[in-house]
Amino acid sequence: MPSSDPPTVAETTPSSDSPAASQVQEKPQGKNGEVKPVTATDAPATGETKLSNAELKKQAKAEKAARRQQALAEKQSGAPQVTIAAVPGPQQKTEQQKGAKGQHKRGASTSVDVRTLPVRGAPAVPAIPAQPKKEDKTVEFFRHLYKQRTSTIAGASKEVHPAVLALGLQMSNYTICGSCARLVATLQAFKRVIETYTTPRGTSLTRHLTSHVLSPQIEYLSSCRPMSISMGNAIRWLKLEVSKVDISTPDSEAKENLCDAIDRFIQERVTFADQVIATSAADKIREGDVIMTFAKSSIVQRSLVEAHNAGKKFRVIVVDSRPLHEGKHMAAALVTLGLEVKYCLINGLSHNIQDVTKVMLGAHAMLSNGRLYSRVGTALVAMEANDADKPVLVLCETIKFTERVALDSIVHNEIAPADELVISGGALEKWGDVKKLQLCNPMYDVTPAEYIQMIVTESGNVPPTSVPVLHRLGNESQG
C-alpha cells in the first residue's frame, strides 16, 4: 500500500539518451512468469497520438520558463528546496521512444515534470537587513572645493624626497601654517632635493630636473594642502631658473648655482622684504595707539615688536576665531615681550572696535582687483573697522601678489576637514550621525578693496589699485 506522505527525495527517470532507456522501457510478465522486455520498436498500447515536433518545442519552452520562475522564487525566498521528478505520462513515454530512435534528442530534457517543495524542518534563513545609505555630508555650494588631504606618507611615490615627505605632513597638520613660512620651507626642501640630484646618462639637468624630479615633489605637497599664492610664484620662478641653466654646464656647478639662487630669493623676497615692511609699519604706530589685528601674521607681529623696541607705548587687541586659534599664540608671544595685549574672540569684535585707532592685517594674497585674500574672518574685521571709521592697513610682501581676480571666496578657496570644528564633548561631537546636518570649514575669505586704506609693501605704501602694477614690475625684475 503506498504511503500518503509526499516524497522527500528526488527521483529521476532514465534519460532517453541513455542505452538503458533505448532498450528496456517496461517489464511485463509472460505466460510462465518470466519477464518479457519491451523495446522501443514495440508500439505503445495506449493508443494516444504522438506529439509533433512543433508541439514538443512549445512544451520544452513552457517547461524552461517554469524552471526559471522556480529558480527566481528560490532566490527571493531563500528557503532550501528540493526537486521532485514526477512519473512520466504517455506523452513523455512517446517522447522517450522518439529519443531512442534518434529522431528528437531534445525531448529528453523535457521528460521530467519538475516541482519544488520546501524541506521539512529546515531552519528559516534570517533576512539580511539592508545597509542604510550613508548620507553625503558635502555642502553642495562648495562641492567643487572639497579635496581629500594626504595625512600620511602611505602611498607616496618613491620619487618623493624624504625632506618633502616631512614637509608635507607638517603642512597638513598646521605645524607650518603661514604663507611665507610654507614658502620658505618649500624652497629649503627643494634645495635639498637639488643637492642630492644626479642627472641620468643620456639627458641633461635642464630637461630632466623639472619634469621628472620637481614635479613629483610639487604633486605630493599639493595633495597635503593646496599651494599658497606665494608658493606658486616661487615654484614658477624656480622652474624658470632651471630652464636658464646652460646644457654645457657641469652638474655640480649647475646645482650649486641653483642652490645659491634659492638662498638669494629667500633673502630678497622674504627676509629683507619683511624687514622693510616691519620698519615702515612701525613708523605708522603712534604713542597711545590701540592696534587691532586678527589671527596671526608673522609680519604684523614683527612690526608690533619693532615699534615696542623703539620705545613706543601702545596697546594691542588680538581678535581670534576657531578652529586654529592662531591669535592665541601671537598674543602669548607679545605678552612675553612686555606688550599690553587684550585677547578676544571674533564675537567680541563689535565691542572692542570702538577703542581702536588702527587695524593691521596680514595677507595670504593680494588679488589684481585690489581685494585681500586672507584667513576667514578678516573680511568681517575690515567691514567692522570701515563702519567704525577706523583705518585698515594690510602688510603684504609682493611675492604674495597675483594676477588672479576674485569677487567672492566661493570660486577659489580651501576647505579644511569639518572635524576640525568639533570640540570634544561639545554639541557637534557626533554631528556625522545627525541627519541633514552639514559642516563647512573654509580657510579664507575675500575683503573688498574699499575697506582697505593702504597696503604696506617692501616697494612702498600703495593703494589697492596699484597691486597689478607692482605684480608686473616684480615679474619683470625676475625675468
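Predicted model: local features only at pLDDT ≥ 70, side-chain atom pairs only at ≥ 80, totals over all residues.
Residues are numbered from 1 along each chain as its sequence is written. Local features need pLDDT of at least 70 and side-chain atom pairs count only at pLDDT 80 or more, while totals for chains, interfaces and linings use all residues, and side-chain values use heavy atoms, with hydrogens and water left out.

Helices here are DSSP runs of H or I with at least four residues, and strands are runs of E with at least two, numbered from the N terminus. Helix α8 (residues 251-283) packs against helix α9 (residues 298-309) at an angle of about 50°, their axes being 8 Å apart; axes are lines fitted to C-alpha atoms, for helices over the stretch in contact, and angles run from 0 to 180 degrees between N-to-C directions. In α8, residues including Thr271 and Ile277 meet residues of α9, among them Ile299 and Arg302, where contact means heavy atoms within 4.5 Å.

Turning to the strands, two pair if DSSP finds at least two bridges between them, and the table gives two such pairs.

| Strands | Sense | Bridges | Opposite residues |
|---|---|---|---|
| β4 (residues 315-320), β5 (residues 340-345) | parallel | six | Val316, Val341 |
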